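Grab a pencil and work through these exercises with the model open. Each one gives a task, then a stepwise solution.

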Amino acid sequence: MRVRRWKLVLPLGVVAIAATALVSTSLAASEAREVRVAIMTDCKGAFGANYENDIGGAQAAFAQYAGGKPTSKQKPSAGMTGIKVGGTSVKIVGYGCGDDTAPTAIKETRRLMEGLKADVMVGPLSGDKAVAIANYAKGKPTKTFIIGTAASQDPTMQIAPKNVFRYHGDGAQWNAGLGEIVYKRLGWRNAAIIMDDYSFAWTSAAGIIADFCGIGGKITKRVFPPLNTTDYASYVQQLPKPDQIDGYFWVVGGTGTGVSLKAMEQANGKIDPKQLAGNLFLIDGAAGKEVAPLYPGAYVGGFGSAPGLKTAQVKRYEAVMKKWYPTQAKAAASGFVYNYYNAAWALVLGLQKSAGVVGAKLQASMPRTLASGYQVSNKGLVKLDSRRQAIQDQFQLQIGKGGVPAVIGFVPNVDQAFGGVFGPNKPAPGRAFPPCVKRKLPWQGKIKVVKNGVVTNTTIK
């Protein structure tokens with residue numbers, strides 16, 4: 001009997017041990033789950049100077065919301081370890097090294113997504129690359145792409161694959177209100193525009209054109225130097241002379257901003273700041289530091305951010321950047337930092353909701369609102385539209401003494417359709433689109449004055 005009892009007990013013990021082992025293995029497997037993330041940006045070309053800023057913005061969010069530990073707070077590209085969302089480990093498998101061309105961006109994206117087997121990519125940085133990557137994403141439906149700070153319209157309007165998300169405005173959205181401000185405050189009626197000849201600049205210029213023409217202004221000339229042009233003499237010669245026009249909209253970016261403006265002054269003499277307005281590149285990055293001090297008083301479209309805005313939400317965001325990456329914190333209001341930060345933060349929230357599962361479940365779990373630092377409307381929430389594109393507050397800027405930009409205007413909740421100018425069945429912005437047409441835009445006559453970092457109830461006259 002004792003022997004039989006022992007034989008009976010032994011299988012039960014084995015079962016118990018096996019069950020314990022099975023549970024342990026299951027838990028271990030759960031703990032071992034890993035989401036592989038790539039950060040795609042530029043380390044060369046016109047926008048290569050923003051490499052560390054992009055990475056620092058993304059990794060500050062991973063540090064703040066997912067426990068990431070920077071290898072170096074002075075050099076974000078040195079890497080980050082310890083990122084974990086719930087029971088899921090997140091590994092940054094690599095950084096893309098773009099050069100502002102679409103072929104290089106696709107080559108790098110394939111290296112990251114196929115060679116290094118990333119599940120999610122945060123990026124890219126700019127226009128044509130985002131267009132190419134959005135088309136690439138259509139063939140990779142299980143992969144998720146969160147645009148870094150690229151702002152060409154096409155990726156989330158005309159292409160709009162379901163696995164591509166953007167938590168910031170496009171280039172047209174960023175310039176809402178700028179045309180009306182120069183029309184009202186400077187009396188511009190006829191203006192010329194010079195823009196880099198690629199998708200972001202077309203989109204950025206499209207917002208300026210639609211806004212200025214919408215209020216009644218006329219664009220008399222459009223000039224298109226290729227991105228990375230080094231000699232702008234022949235292009236500035238195509239512009240009307242200063243005594244033939246009220247002003248110039250400058251939409252030349254990256255390393256070309258300062259060079260093109262110098263060429264303009266060599267041809268026509270010192271530019272009067274009252275005759276100059278433009279997009280973010282007049283005040284952002286290395287070119288901004290070189291250019292902005294030369295043109296105090298010039299008006300600038302924004303970057304979806306608001307340097308000097310005084311809200312609790314701004315203070316929290318800027319404190320997070322200062323905690324993790326002090327150097328990048330100095331450029332916290334730059335979209336190269338801010339938009340990558342929001343993209344990575346949205347990914348953390350998505351992974352929390354999907355319990356670390358990638359693919360379709362992550363895409364369904366990505367947040368449709370985000371409490372972005374410089375958002376004021378909707379209780380501080382940026383909202384995504386049906387094509388997963390941000391509807392975002394926009395702030396207009398003016399260059400102050402020493403080149404320091406100040407927020408002077410506020411337009412809430414600008415959507416990508418831009419009051420009906422754009423749409424998924426309309427052409428993407430280009431050399432001729434949009435035409436210069438007078439029309440009523442939703443914010444026309446309603447731009448709020450921002451004074452000393454505070455949005456007022458007074459409208460810009």
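This is a predicted model: local features need pLDDT of at least 70, side-chain atom pairs count only at pLDDT 80 or more; totals for chains, interfaces and linings use all residues.

**Exercise 1.** Work out which handedness the crossing of α3 and α4 has.

*Solution.* Residues are numbered from 1 along each chain as its sequence is written, and side-chain values use heavy atoms, leaving out hydrogens and water.

Next, who touches whom? Contact (heavy atoms within 4.5 Å) involves residues of α3 including Ala105, Ile106 and Met113, and residues of α4 including Ala132, Ile133 and Tyr136. By type, the residues of this contact split into seven nonpolar, one polar and four charged.

**Exercise 2.** Describe the ring pair of Phe395 and Phe410, and say where each ring sits.

*Solution.* Start with the geometry: the centres are 5.3 Å apart and the planes 35 degrees, so the pair is tilted (rings of Phe, Tyr and Trp, its six-membered ring, pair with centres within 6.5 Å; planes under 30 degrees apart are stacked, over 60 edge-to-face, the rest tilted).

Then place them: Phe395 is in strand β16 (residues 390–399) and Phe410 in strand β17 (residues 405–414), so the pair ties together parts 15 residues apart in sequence (strands are DSSP E runs of at least two residues, helices H or I runs of at least four, numbered from the N terminus).

Finally, Phe395 is buried at 0% relative accessibility, and Phe410 is buried at 6% (buried is under 20% relative accessible area, exposed over 50%, partly exposed in between, with a 1.4 Å probe and protein chains only).

Methods. A crossing is left-handed if the near helix is turned anticlockwise from the far one by less than a right angle, and right-handed if clockwise. Ala, Val, Leu, Ile, Met, Phe, Trp, Tyr, Cys and Pro count as nonpolar, Asp, Glu, Lys and Arg as charged, and the others, Gly among them, as polar.
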